[in-house]
Amino acid sequence: MLLFINLYGDVFRNHHGNFLLAFAHNLPFVSILEPELLAVLKGLELAWTRMYTKISVEIDLAATLRLIQFECKDTHALFDTVRRIQRLVNLDWLVRFDYVFREVNQSDDLLAAHCLSHHSDAILFYEIPYFLSLSLKVDAAGTWFNRTS
């Protein structure tokens, strides 16, 4: 079995794009989908405990979105994680999933890299970390990324 050190992180912003909180985790995984799904799960859990009522989740891996929104067979290795996400989604709140290009999630990648560089398993930020401020400003400005093949 091949083992990867994968990182995942998420940024919470309000409907105006203002920073609310961010988190990052550094854990071993055996697939590329696992950190993506765990980021969604952890983000939803944090949002629920903070009593947010309308959530928009941006996902940059189409396979992750398919597993969450469509049937995930109970034989799938990540079925339990997907089922936990689906149960959270079905609680009394509004959760919307949007597919975005990878470039849009630069802040998540910066969070994860920061976690790894500080040899930490998990970090939670309640204020904008210095290394995220430019990325968040670019995102809030609605900067477009031209994708060419």
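Tutor: Rings of Phe, Tyr and Trp (its six-membered ring) pair if their centres lie within 6.5 Å; planes under 30 degrees apart count as stacked, over 60 as edge-to-face and the rest as tilted. By that rule, ring pairs link Phe12, Phe23 and Tyr52 into a cluster. The model is a predicted one, where local features need pLDDT of at least 70, side-chain atom pairs count only at pLDDT 80 or more, and totals for chains, interfaces and linings use all residues. Residues are numbered from 1 along each chain as its sequence is written, and side-chain values use heavy atoms, with hydrogens and water left out.

Student: How many aromatic pairs does a search of the whole structure find?

Tutor: Five aromatic pairs turn up. One of them joins Phe12 and Phe23, with 6.4 Å centre to centre and 50° between the planes.

Student: What makes Phe23 count as buried?

Tutor: Buried means under 20% relative accessible area, exposed over 50%, and partly exposed in between (1.4 Å probe, protein chains only). Phe23 has 2%, so it is buried; Phe12, at 11%, is buried by that rule too.

Student: Why is the pair of Trp48 and Trp93 edge-to-face?

Tutor: Their planes stand at 75°, which is over 60, and their centres are 5.1 Å apart, so the pair is edge-to-face. Trp48 lies in helix H1 (residues 33–49) and Trp93 in the loop between helix H3 (79–89) and strand E4 (94–99), so the pair ties together parts 45 residues apart in sequence.

Student: Is Trp48 buried or partly exposed, and how do you know?

Tutor: Trp48 has 35% relative accessibility, so it counts as partly exposed. Trp93, at 11%, counts as buried.

Student: Which residues touch the most other members of the largest nonpolar core?

Tutor: A nonpolar core is a set of buried Ala, Val, Leu, Ile, Met, Phe, Trp, Tyr and Cys residues joined through side-chain atoms within 4.5 Å. Of the 29 residues in the largest one, Val40, Leu44, Ile55, Val57, Ile85 and Phe97 touch the most other members. H1 gives the most to this core, with nine residues.

Conventions: Helices (H or I, at least four residues) and strands (E, at least two) are DSSP runs, numbered from the N terminus.
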